[in-house]
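I opened this notebook to record what I looked up in one structure. The entries follow in the order of reading.

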Amino acid sequence: MKVAIFGSCVSRDTANIMPEAEVVAYVARHSVTSLERPHGTTGIDLSELTSAFQKRMVTSDLKGTGVETIVKNANNLDVVLLDLVDERRGFWNFPDGTTITNSIEFEACGGARIARRDGARLIEFGTDKHFDQWQSGFGLLIDRLKNANLWKKTILLDLEWAAAIDGVRHPRSFKAVQLGRIARNTRRTMQKWKQAIAQGNSLATVRRRIQSVQPTESETYAMRAFKANSDYRRYRKYASSMVKNAVSRKSNELRIDPEHKWGPQPFHYTLDNYKSVREEILETANSFK
C-alpha cells in the first residue's frame, strides 16, 4: 500500500508500524497556510540545519510546494493521510501577506529573528486570525487533492492529544487537574511552612520556596492536552467536514508512551493506540478498491 502524508507525528508514527505501507511522499513542518502565499527562500539561510530531511521540509514550506509533492505521485498512491499537528506552533505573517510555518526547524536556523527583522507577525494557533487563514489553506489543499483524484483516498487522522501517560487514569477534566494541583500544592505549602519555620528561615525565603513549586509531569501533560484539544476543536470539526474519511479518537481513548522514540508528548501515543488506528486505516483503505 503506497501512502502519502501531509502532516507529522500522528501520521508518520502510525505509518511506521504498518508493514503494509510504503511512504512515497511525506510533507511535514508545513502549515496549509503556506500553500496560498508562500514566502519564498530569498533571505532565508538554512545552513544551520544539518539534516537533509529538515532542509527539504523547510524549503518545501518556503516554496509552498507540499501538495505538488503528493500530487506528482497521484497515480501510484493508495492512501493520503492528513493530520493537523504541525499547525500547533502558528505561522509568521509578513507585511506582503506571505507566510512561513513557525516550525521548530525554521526557528533553529534563526527564523524568528529573520521574521521579526522583516516586520512579520507571529499568528498564534487557536486565534481567529489563524483559524481564518488555516480554513482557506485547508480548502485549497482539499481542492488540489480532488483535482488529482486523491480526495476519495484521503483519510484524516483526527486524534485528540492524550492527557495521561500509559498506565495512568485519564483526568476527568481540566478543572479536576487544577483542583488536584491546588490540593497538592496546599499540602506541600503547609509542609514547607513547617519545615522552614523549624529551620528558622525568614518569611521571604519561605515564600520563594513555595512559589518555586512546579507542576508534576502528569499535571503538565494533562493541562497541555486539555488546552490543545480545546484549541483544535473547531479545526477538527472543519477538517472533518471537508473529507470523506476520518479515523477519530478522543483523549480518554489514548495514552502517552513514556518510552516513545521521540520522547513523551501528548501527541506521541502508545503502540496499542497506533495499532488500533492502523486497523481502521486498513479497513477504510480496503473500501477504496
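How many helices and strands does the secondary structure of the protein come to? I noted ten helices and eight strands, where helices (H or I, at least four residues) and strands (E, at least two) are DSSP runs numbered from the N terminus.

I recorded that this is a predicted model, in which local features need pLDDT of at least 70, side-chain atom pairs count only at pLDDT 80 or more, and totals for chains, interfaces and linings use all residues. Residues are numbered from 1 along each chain as its sequence is written, and side-chain values use heavy atoms, with hydrogens and water left out.

Entry on burial. Of the 289 residues, 49% count as buried, that is, under 20% relative accessible area with a 1.4 Å probe, protein chains only.

Entry on helix H2. I found that H2 covers residues 52–63. Ser51 caps its N-terminal end, with a side-chain oxygen 3.2 Å from the backbone nitrogen of Phe53. Gly64 follows H2 and has a positive phi, near 70°. Met57, Val58, Ser60, Asp61 and Leu62 are buried in H2. The buried residues of H2 pack against strand E2 (22–27), helix H3 (66–71), strand E5 (99–101) and helix H4 (104–108).

Entry on the sheet. I then looked up an open sheet of three strands, ordered E5-E4-E6 with antiparallel pairing; strands pair if DSSP finds at least two bridges between them. E5 and E6 (121–123) are the edge strands, each pairing on one side only. Three bridges join E4 (residues 91–93) to E5, and Phe91 stands opposite Thr101 in E5.

Conventions: The expected span of a helix is 1.5 Å times one less than its number of residues. Buried means under 20% relative accessible area, exposed over 50%, partly exposed in between (1.4 Å probe, protein chains only). Contact means heavy atoms within 4.5 Å. A polar contact is a pair of N or O atoms within 3.5 Å; within protein, one must be able to donate a hydrogen and the other to accept it, and residues adjacent in sequence count only if both atoms are side-chain atoms.
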